[in-house]
Amino acid sequence: MIKHMDFKKMKRGIATLVALVVCMSASAQFGQEVRRGSFADNHEIYYGLRLGLGLANVNSDDKRLDGGDTQAGLNIGGVIGFQLSPSAPVYLESGLFYTEKGGKGVLDKKKFTYDLNYLEVPILVKYKYEMDTDLNLVPFAGGYVAMGVGGKIKNFGDRETESSFSSENFKRFDGGLRFGCGIEYQVLYADIAYEFGLANICHSDWETSKNGCFYINIGVNF
């Protein structure tokens, strides 16, 4: 069973993003003037908003926590980036995201799903390759750290629920690698990315559980 998503929240996020795209497009020239005076007049600084979809799973040695089937969730947040050198189009970017991960599977012929909702901070190095005057290809790589803020495990066979983050289930801290590629057209931005969890998010000393998530995001930079 596919995870139930909060579509009202996603619709609000999309509406907000569309409004911001309109506003940012109208003020793009103003944003260029602001950047000319930033960072000792040599380095470009930008801000951005992101909204997207995450397709997540959790691979675990513990069959009770092994959610190897894909779980869909919301990804929304903001970023800030700055040019590392005025002589090269290399940027350092970070930000704050609310992201919904998790997994689903079958145990003892009973279906289960669980949500793992995080506040996440990515730290990425990006390279902007100019394809045209207003079009850039932006490959990136780096890492992330995250803290769990909520989620439930649902056992559909027994019709029971419990907290995902507890001493019997998952730890709140997560961290790992993130890599992908984006594309910029004027103030508009889109990317695809994959996160590979390195932290063991279960409490066991004998088994390991690790997050994985594929992202598709859209947004604006200004």
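User: Which backbone oxygen lies 2.9 Å from a polar atom of the side chain of asparagine 169?
Analyst: That of serine 163. A polar contact here is a pair of N or O atoms within 3.5 Å; within protein, one must be able to donate a hydrogen and the other to accept it, and residues adjacent in sequence count only if both atoms are side-chain atoms. This is a predicted model: local features need pLDDT of at least 70, side-chain atom pairs count only at pLDDT 80 or more, and totals for chains, interfaces and linings use all residues. Residues are numbered from 1 along each chain as its sequence is written, and side-chain values use heavy atoms, with hydrogens and water left out.

User: Which side chain joins that of asparagine 169 in a polar contact of 2.7 Å?
Analyst: Arginine 64.

User: Is asparagine 169 buried or exposed?
Analyst: Buried, because its relative accessibility is 1%. The cut-offs are under 20% relative accessible area for buried, over 50% for exposed, and partly exposed in between (1.4 Å probe, protein chains only).

User: And where does asparagine 169 lie?
Analyst: In the loop between strand E8 (160-163) and strand E9 (173-185). Strands (E, at least two residues) and helices (H or I, at least four) are DSSP runs, numbered from the N terminus.

User: What does asparagine 169 touch?
Analyst: Leaving out residues up to four places away in sequence, its contacts include Leu65, Ile153, Ile201 and His203. Contact means heavy atoms within 4.5 Å.

User: Switching to the core. Which residues of the largest one touch the most other members?
Analyst: Val58, Tyr114, Leu116, Tyr118, Phe165, Phe170 and Ile201, out of 13 residues. E4 gives the largest share, four residues. A nonpolar core is a set of buried Ala, Val, Leu, Ile, Met, Phe, Trp, Tyr and Cys residues joined through side-chain atoms within 4.5 Å.

User: How many residues are in the second, separate core?
Analyst: Seven, among them Ala56, Tyr189, Ala193 and Tyr215.

User: How many cavities of 30 Å³ or more turn up?
Analyst: One. On a 1 Å grid over the protein atoms alone, a cavity is a set of points where a 1.4 Å probe fits but cannot get out; lining residues have an atom within 4 Å of a point. Grid points are joined across faces, edges and corners, and the volume is the space filled by probe spheres set on them.

Terms used. On a 1 Å grid over the protein atoms alone, a cavity is a set of points where a 1.4 Å probe fits but cannot get out, and a pocket is an open set with protein on both sides within 12 Å along at least five of seven lines; lining residues have an atom within 4 Å of a point.
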